Amino acid sequence: MSVWRYIPPLALPGSLQMAIDRWLFDHYLDTRPCLRFYTWEPAAISLGYHQRHYPDHWNTLVWQGYPLDIVHRATGGRAVLHQGDLTYSLVTRGHWRSRRLAYESLCQFLIQGWSQLGISLSLGQSASSEPRGQSVPSTPSAPRSLKANCFATATAADLVTQNGYKLIGSAQVWRSQRVLHHGSMRLCPDPDLWQQVFGDCLPESRLVLPAIGSLITILKEAAADTWAIALEEEPITPQEWRTIYRYL
């Protein structure tokens, strides 16, 4: 049985969370596959690696007295609001024949875990297909903030409920056969903040969601069962933190 490292949940600023993910990706060859879950404090907007333009008003948004961080991910895709969400991240090695198969494989633990909560998830349609159950900001008249919203579409990288509600958006970056795969689970974002960021109403999920602690426990068990692995809890050491801070 393969043993993966599990880093306990951390609530940190976005720049530091992204630094940890980049560090894990860079140093994977020196260590084991790793899984972690995390939240963002203060609230933040993460941009895709190639997403250089975003609405000017995002620079002045405030949530609970703190400006929203705006950070770039190492992965692609559109902007994600990190408030009321739970983010997951894993680094491993793979030999999948296509990126879709890689997403199918690496998202299985999410599908299995959420199914235990009575919520059936499946991959969204391909990027070239019409997303299901979401407003599609593809027209020139769509607000710029809406076009930038990751959760306004559901591609083959994402997980949607049976009625088309996008619950989880994921993205990957590869180097040789190494992959950083991370994503955001949209749990309980504030509707007013969502409106301010994207200029659109927050879709109604109608889902009964567990507490984050319970959800993490279920997803850890699902990961161990899905991939026949053991998760060994190992917090980031002081020496590792010193390396991580160099990524800021």
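How much accessible surface does the protein have, and what share of that surface belongs to carbon and sulfur atoms? In this predicted model, the accessible surface comes to about 11500 Å², and carbon and sulfur atoms contribute 51% of that area. Buried residues, for their part, make up 50% of the 248 residues in the protein.

The secondary structure of the protein consists of seven helices and 13 strands. The radius of gyration is 17 Å, close to the 18 Å that the globule rule gives for 248 residues, so the protein is as compact as a globular protein of that length. The C-alpha trace spans about 50 × 40 × 35 Å along its principal axes. Of the contacts with a separation of 6 or more, 76% are accounted for by residues 24 or more positions apart. With regard to charge, the protein carries 22 positive and 20 negative side chains, and the centres of these two sets lie 8 Å apart.

Aromatic side chains form eleven pairs in the structure. One of these pairs joins tyrosine 54 and tryptophan 58, whose rings are stacked, with a distance of 5.7 Å centre to centre and an angle of 15° between the planes; tryptophan 58 counts as buried, since its relative accessibility is 0%. A second pair is formed by tyrosine 88 and phenylalanine 109, whose ring centres are 5.8 Å apart and whose planes stand at 75°, so that this pair is edge-to-face. Tyrosine 88 belongs to strand 8 (residues 85-93) and phenylalanine 109 to helix 3 (residues 108-115), so the pair links distant parts of the chain, its members being 21 residues apart. Both tyrosine 88 and phenylalanine 109 are buried. Beyond individual pairs, Tyr54 and Trp58 also belong to a cluster in which ring pairs link them with Phe151, Trp194 and Phe198.

When its neighbours within four places in sequence are left aside, aspartate 21 is in contact with Arg36, Tyr38, Ser89, Leu180 and His182.

Most residues other than glycine have a negative phi, and most peptide bonds are trans. With a relative accessibility of 70%, serine 176 counts as exposed. A positive phi, near 50°, is likewise found at alanine 228, which is placed in the loop between helix 6 (212-227) and strand 13 (229-233). The relative accessible area of alanine 228 is 46%, and this residue is therefore partly exposed.

Note on methods
Residues are numbered from 1 along each chain as its sequence is written. This is a predicted model: local features need pLDDT of at least 70, side-chain atom pairs count only at pLDDT 80 or more; totals for chains, interfaces and linings use all residues. Side-chain values use heavy atoms; hydrogens and water are left out. Helices (H or I, at least four residues) and strands (E, at least two) are DSSP runs, numbered from the N terminus. The radius of gyration is taken over C-alpha atoms; the globule rule is 2.2 Å times the number of residues to the power 0.38. Buried means under 20% relative accessible area, exposed over 50%, partly exposed in between (1.4 Å probe, protein chains only). Contact means heavy atoms within 4.5 Å. Accessible areas come from the Shrake-Rupley method with a 1.4 Å probe; for residues, only the protein chains shown count as cover. Lys and Arg count as positive and Asp and Glu as negative; His and the chain ends are not counted. The place of a charge is taken as NZ of Lys, CZ of Arg, CG of Asp or CD of Glu. Rings of Phe, Tyr and Trp (its six-membered ring) pair if their centres lie within 6.5 Å; planes under 30 degrees apart count as stacked, over 60 as edge-to-face and the rest as tilted.
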